[in-house]
Amino acid sequence: MPSTALRMRTLRAYAKYGSNHAALFARAFSATSRRGEINKVYPSASAALADMKPNSTLLCGGFGLCGVPDTLIDEVLAKPEIKGLTAVSNNAGTDDSGLGKLLRSKQIRKMIASYIGENKTFETMYLTGEVELELTPQGTLAERCAAGGKGIPAFYTPAGFGTVVQTGELPLRNTPAGEPAEFSYPKDVKVFDGKSYLLEHSIKGDYAFVKAYKADRLGNCQFRLAAHNFNGAMGRNAKVTVVEAEHIVEPGEIPPEAVHLPGIYVTRVIQSTAAKNIEKRTWAKDDADPEAKKALGTGDTAAKRERIVRRAAKEFKNGMYANLGIGMPMLAPGFVGADVEVQLQSENGILGLGPYPRKGAEDADLINAGKETVTLQAGAAVFGSEESFGMIRSGRIDLTILGAMQVSASGDLANWMLPGKVKGFGGAMDLVSNPAATKVVVTMEHTDKKGNAKIVKQCAFPLTGKACVSRIITELGVFDVDFAKGLTLVEIADGVTVEEIKSKTEAPFAVAEDLKPML
């Protein structure tokens, strides 16, 4: 017969969630022939986390605010005794959402993350020494978690070679005055087939928090659209994996081919009760709607950016697979002709990315790598972040278009950090790690807001990648990059002279004999 404790747990489940979920729980402990059945459904987040200890390593699914296990995060927030956490996640949400709440409550001691983004709390705490940060390229982070779940202790990756990730010059912890107090360590480098790779260690978790669309009492989970992201990799890689599901269903209601996280990895399941949030509501341009996002800006800025974006659109060739960075690159598909079909990939787990949605049609489970609301094209596919970066590193992506803070004469790229400001690597280090297979195009304004050149002899800012950029497009012209010989101006904008470009470019460059107009 069920114990008194189990009977009480079932009664609490009835009171909190109603008969459907409680019945699932009760049947596992009934005195019938089914009393031995597996049932991982817990009546509450509190019950599921009753044994969670301080100083644990917590793996947390989600990307931005998409697919974030907020019900479980809120339960940790309600237990201030759970502190000293090492949290592993792509990012920490925003100042008041996701893991950002546990940063503000000082329950997180260390973050292992790829991106800080717009989270000012996270950035300030890191720069003033209140939290330790192990900044990791996004694809490397996904693979470190995926490898840990497969029993693989370490692996080699090309991402980060020639950067602070390799050299160990990245501060893990700062003093309150903002000075580095502790650095990361230099990575072992080996050469395979003439290419350099860094040794990265896998990550092991004590707990994993996962957000699922559906889960059954066996622990089988289905993810919805781009909410797949890091949830699968995290869920496979912890001693205790706790899933919060929007819908708890009977076994068999999730078709076998739709099980994205098999129950063997899952320890506990609870009902998700937190509302979904959207970080950046981005809509299709509608000139009749004054509230619609004007991504190109206004005035001279808009004219410059439109010139850059129009030219960038000519980089697309029919049948290409392309990945686009945040900002101007995302606008380029809007200028592609109807005779060119390109499949757009987003590193958070989408192939077949569509345009921004109409206002009111946005979906919290459908965002791009910039956390913007998007749509899907017919024939699109969604998958986990670890698979997305496998596509990228293995050279399946034909073209990537990125923004930049600086590009050097030899094609070095810097686009992730300015002095006193840290956004994080994101997926850029992975995207530029295979320039032999993926054409890397940079779109940027020719100078910064102070008039300083952005095409320089050597990058002063920390590098994203070495010798990786093959083309630069600005409002003044187009440069091709030879990693050994340097820059060549191949196209020039209407009304611009070579002398003007030279005056605004620090790096030396040659001028093509057949210099063409930039159209």
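In helix α11 (residues 385-393), the buried residues are S385, S388, F389, M391, I392 and R393; buried here means under 20% relative accessible area, with exposed being over 50% and partly exposed in between (1.4 Å probe, protein chains only). This is a predicted model, so local features need pLDDT of at least 70 and side-chain atom pairs count only at pLDDT 80 or more, while totals for chains, interfaces and linings use all residues. Residues are numbered from 1 along each chain as its sequence is written, and side-chain values use heavy atoms, with hydrogens and water left out. Helices (H or I, at least four residues) and strands (E, at least two) are DSSP runs, numbered from the N terminus.

**Around helix α11**

- The cover over the buried residues of α11 includes α7, β5, β14 (321-324), β15 (343-346) and α12 (428-431).

**How α7 meets α11**

- Two packed helices are described by the angle between their axes and the distance between the axes.
- For helix α7 (residues 138-149) and α11, the axes come within 9 Å and cross at roughly 125°. Axes are lines fitted to C-alpha atoms, for helices over the stretch in contact, and angles run from 0 to 180 degrees between N-to-C directions.
- The crossing of α7 past α11 is left-handed, a label used if the near helix is turned anticlockwise from the far one by less than a right angle (clockwise would be right-handed).
- From α7, the contact uses Q138, G139, T140, A142, E143 and A146, and from α11 it uses S385, E386, F389 and R393. Contact means heavy atoms within 4.5 Å.
- Sorted by type, the residues in this contact of α7 with α11 come out as 3 nonpolar, 4 polar and 3 charged. Ala, Val, Leu, Ile, Met, Phe, Trp, Tyr, Cys and Pro count as nonpolar, Asp, Glu, Lys and Arg as charged, and the others, Gly among them, as polar.

**The β5-β9-β8 sheet**

- Strands of a sheet pair through backbone hydrogen bonds, either parallel or antiparallel. Two strands pair if DSSP finds at least two bridges between them.
- Here 3 strands make an open sheet, ordered β5-β9-β8, with antiparallel pairing.
- β5 (154-157) and β8 (189-192) sit at the edges with a single partner strand each, so one side of each has no neighbour in the sheet.
- From one strand to the next, the twist averages 40°.
- β5 and strand β9 (residues 195-201) are joined antiparallel over 4 bridges, and Y156 has L199 in β9 as its bridge partner.
- α7 turns up here too: this helix lies across β5 and β9, running at about 155° to β5.

**Other strands**

- Strand β3 (residues 108-113) and strand β4 pair in the parallel sense over 4 bridges, with K110 standing opposite E132 in β4.
- In β4 (residues 132-135), E132 and E134 point one way and L133 and L135 the other way, and all are buried.
- Another open sheet has 3 strands in the order β20-β19-β24, this time with mixed pairing. Its edge strands, β20 (413-414) and β24 (455-456), each pair on one side only.
- Strand β19 (residues 406-408) and β24 run parallel, joined by 2 bridges, and S408 has V456 in β24 as its bridge partner.

- F230 belongs to the loop between β11 (221-222) and α9 (231-235) and counts as buried at 0% relative accessibility.
- Beyond residues up to four places away in sequence, F230 touches G61, G62, F63, N90, Q138, L141, A142 and S385.
- S97 is in the loop between β2 (85-88) and α5 (100-104), and is buried with a relative accessible area of 13%. Setting aside its neighbours within four places in sequence, S97 is in contact with L65, A92 and N277.
- K79 is in the loop between α4 (70-77) and β2, buried with a relative accessible area of 14%. Not counting residues up to four places away in sequence, K79 touches S46, L49 and Q107.
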